[in-house]
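Subject: Structure handover

Hello,

Below is the structure you are taking over. My notes on it follow.

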Amino acid sequence: MKEKVNELKQEVLKKIENINDLNSLQNIKTEYFGKKGKITELSSILKELDASQKKEFGMLLNEIKTYVTSSIDSKQKEIENRILDEKLEKERIDVTLPGTVIKNGSPNMLEGLIEDLEELFIGLGYDVVEGPEVEKDLYNFELLNLPKGHPARDAQDTFYIKNDEILLRSQTSPVQVRTMLENTEKSPIRIICPGKTYRRDDDDATHSHQFTQMEGLLIDKNISLADLKGTFDIIAKHLFGDKVETRFRSSFYPFTEPSVELDVSCFNCGGKGCNICKNTGWITVGGAGMVHPKVLTNCGYDPDLMSGFAFGFGVERLAMLKYGVTDVRTFYTNDLRVNSDRKDV
Ligand code: DAH
């Protein structure tokens, strides 16, 4: 009997030794410890033995059971560890490799252009100032020398919010007024004010009820139209290249005197005439002028001591010209190609 048990023990141990996977190990468990397993069957023999044999055989049986079970357990651990090691090796991550580059978003063309101009003006010593889009009629019109009933108001068909006092600003010029009023020392001013503006226009390829302007204001002693010309020259060359020339064309704005239209020579045909400049050789990009003495007075500046120039650009118009966009609505449809990285739309 003893021999049989020992043989069985050797047999199992040999089998366990040669095993490499959990399935086969499970099969061995069943083969020896299952209901009809070889070791289980030995236990049933136990019942038939007399007391003295029972004791000896019982101990033997217990010993083989414990031995075999612990051999199976340690084999199981060994296999599990090996599987884990293989998995770790396979899924190994090299943390020193560079990560996947996630492409950042980039500004919409309008935003990109505003940021570009902001940088230019900051370099020229200007501050960037913002003002509210819901504005008082007082700042949007009246203090800018556009009293109620002034015919020039008709050119800016305005969204009124409350009676005729509160409106959606129709231009960024009210930020000039606010800045001058807020300057209690009445010291020099150099600002640009980019921002959204609103007019009751029907939307089409060249009109939008919401659009963007960039206002500029410079106030100091002895400022003349020549300073405006020099500044405009810098802006025009920055936007459209060193070859473009600039010119003033006489115009009218109630808040400037004299007033001018700002023209650049056509960057497309060099002035010869093409469809972009409508065969004139020149493209109008904004309005400007010397701040009207009445506006200076309204905002607490003494026109005998200080003078200044102001200008206003339509940012959409600049972007359309610069990037060859033919429909202003392109800027407002969430087309991801319309960003300052992709200028091929
Ligand atoms: N606010 C004018 C407009 O919306 C543009 C403009 C013209 C602004 C002349 C100015 C200026 O500051 O001096 O049509």
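Thr179 is buried in this predicted model, because its relative accessible area is 13%, under the 20% that marks the limit for a buried residue. Thr179 belongs to helix α7, which covers residues 174-182. Its side chain reaches the backbone oxygen of Val175 at 2.6 Å. Leaving aside neighbours within four places in sequence, Thr179 is in contact with Val129, Ile189 and Ile191.

Next, helix α5, residues 109-123. At 1.5 Å a residue, its 15 residues should span 21 Å, and the end C-alpha atoms are 21 Å apart, so the two values agree. At the N-terminal end, Asn108 caps the helix: one of its side-chain oxygens lies 2.8 Å from the backbone nitrogen of Leu110. After α5 comes Gly125, which has a positive phi near 90 degrees.

Which residues of α5 are buried? They are Met109, Leu110, Gly112, Leu113, Ile114, Leu117, Glu118, Leu120 and Phe121. An α-helix has 3.6 residues a turn, so residues three or four places apart point the same way. The buried residues of α5 pack against several elements, including β5 (189-198), β6 (210-220), α8 (225-240) and β10 (307-314). Strand β1 (127-128) and helix α10 are also on that list.

In soluble globular proteins, nonpolar side chains tend to be buried together. In this model the largest nonpolar core has 43 residues, and Val285, Phe311 and Phe331 touch the most other members. At least two residues of this core come from each of α5, β6, α8, β8 (256-265), β9 (282-291), β10 and α10. Helix α5 gives the most, with seven residues. Is Leu321 buried or exposed? Leu321 is buried, because its relative accessible area is 13%, under the 20% limit. Setting aside residues up to four places away in sequence, Leu321 touches Phe240, Phe267, Ile276, Ile283 and Val285. The C-alpha atoms of Leu321 and His238 are separated by 14 Å, and these two residues are 83 residues apart along the chain.

Now strand β8. Eight of its 10 residues are buried, so β8 is largely enclosed by the rest of the structure. Strand β7 (residues 246-253) pairs with β8 in the antiparallel sense over seven bridges. In this pairing, Ser251 stands opposite Ser259 in β8. A hairpin of two residues joins β7 to β8. Strands β8 and β9 also run antiparallel, joined by eight bridges, and the bridge partner of Val260 is Ala288 in β9.

Strand β8 also contains Pro258. The peptide bond from Glu257 to Pro258 is cis, with omega near -5 degrees. Most residues other than glycine have a negative phi, and most peptide bonds are trans.

There is also an open sheet of three strands, in the order β2-β4-β3, with antiparallel pairing. Its edge strands are β2 (134-136) and β3 (160-162), each of which pairs on one side only. Neighbouring strands of this sheet are turned by 40 degrees against each other on average, direction ignored. Strands β2 and β4 (residues 166-168) pair over three bridges, and Glu135 stands opposite Leu167 in β4. Strands of a sheet pair through backbone hydrogen bonds, either parallel or antiparallel.

Two residues have a positive phi without being glycine. Asn163 has a phi of about 45 degrees and lies in the loop between β3 and β4. Asn163 is exposed, because its relative accessible area is 66%, over the 50% that marks an exposed residue. Asn222 has a phi near 55 degrees and is found in the loop between β6 and α8. Asn222 is exposed too, with a relative accessible area of 72%.

Regards

Methods
Residues are numbered from 1 along each chain as its sequence is written. This is a predicted model: local features need pLDDT of at least 70, side-chain atom pairs count only at pLDDT 80 or more; totals for chains, interfaces and linings use all residues. Side-chain values use heavy atoms; hydrogens and water are left out. Two strands pair if DSSP finds at least two bridges between them. Helices (H or I, at least four residues) and strands (E, at least two) are DSSP runs, numbered from the N terminus. Axes are lines fitted to C-alpha atoms, for helices over the stretch in contact, and angles run from 0 to 180 degrees between N-to-C directions. Buried means under 20% relative accessible area, exposed over 50%, partly exposed in between (1.4 Å probe, protein chains only). Contact means heavy atoms within 4.5 Å. The expected span of a helix is 1.5 Å times one less than its number of residues. A polar contact is a pair of N or O atoms within 3.5 Å; within protein, one must be able to donate a hydrogen and the other to accept it, and residues adjacent in sequence count only if both atoms are side-chain atoms. A nonpolar core is a set of buried Ala, Val, Leu, Ile, Met, Phe, Trp, Tyr and Cys residues joined through side-chain atoms within 4.5 Å.
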